[in-house]
Amino acid sequence: MKFLVTKDLAHSSLLANLMSAVVFVLLFYLGLDVVLHGYVIGFDIPALQSTLYGNAENFEEPMLIDALLLQVHIDLFMTLFAVLILSSVYIRLFPKNKRTKKVVHAVFISGMTAPPALLLAYFTNMFFAYIWLVLFAVWHLSAVLMGLRILKKLLLK
């Protein structure tokens, strides 16, 4: 709790190590999230189109709406927790940096709008699938860079 009041990690190496471990686990989660989405949904346009709309030539059924809603629900929930944890640590470590607000906003907006974009792609057209791909990439790349910057500050004092 002292970190929340003083924002000084110099006197608490245990807390710095704990925060480093949490950020490391979040980076691991982000990597596995990319692998999961690549496997379940796909990252190239033909695979994404086949997943969402099916493929009559290959006898592939479209993704069921309940599976998609479950995926979107889990994505929103996990993204919210990851963004909150990363952002709170990032804001505490870089409070005076002018880019902090922009980075936090970029991570939050891209992370929270990617799952609804996938849902819109399912119900409308492939345009939102392109948007989902961009938002998904921006969210994960920004979060990984944020996490690496946090680890650099915590571990390389």
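Which residues line the largest cavity? In this predicted model, the lining is made up of Y29, D33, H37, D75, T79, G111, A114, P115, W132, F136 and W139.

**Cavity**
- A search of the whole structure finds one cavity of 30 Å³ or more, and the volume of the largest cavity is about 70 Å³.
- Two or more residues of the lining of the largest cavity come from each of α2, α4, α5 and α6.
- By residue class, the lining of the largest cavity comprises six nonpolar, three polar and two charged residues.

**Nonpolar cores**
- The largest nonpolar core has 22 residues, of which L86, W139, M146 and I150 touch the most other members; W139 also belongs to the lining of the largest cavity.
- At least two residues of this core are supplied by each of α2 (13-40), α4 (65-93), α5 (100-123) and α6, and α2 gives the most, with seven residues.
- When residues up to four places away in sequence are not counted, L86 touches V23, L26, A143, M146, G147 and I150.
- Another core, of 17 residues, lies apart from the largest one, and its members include L52, M63, A121 and Y122.

**H140**
- H140 is found in helix α6, which spans residues 127-155.
- With a relative accessible area of 6%, H140 counts as buried, because the cut-off for that class is under 20%.
- Leaving aside neighbours within four places in sequence, H140 is in contact with L30, D33 and V34, and D33 is also one of the residues that line the largest cavity.

Definitions and conventions: Residues numbered from 1 in each chain as written. Predicted model: local features only at pLDDT ≥ 70, side-chain atom pairs only at ≥ 80, totals over all residues. Heavy atoms only, no water. Helix = DSSP H or I, 4+ residues; strand = E, 2+ residues; numbered from the N terminus. Buried < 20%, exposed > 50% of the residue type's maximum accessible area, 1.4 Å probe, protein only. Contact = heavy atoms within 4.5 Å. Core = buried A, V, L, I, M, F, W, Y, C linked by side-chain atoms within 4.5 Å. 1 Å grid on protein atoms, 1.4 Å probe; cavity = no way out; pocket = protein on both sides within 12 Å on 5 of 7 lines; lining within 4 Å. Points joined across faces, edges and corners; volume = space filled by probe spheres on them. Nonpolar A, V, L, I, M, F, W, Y, C, P; charged D, E, K, R; others polar.
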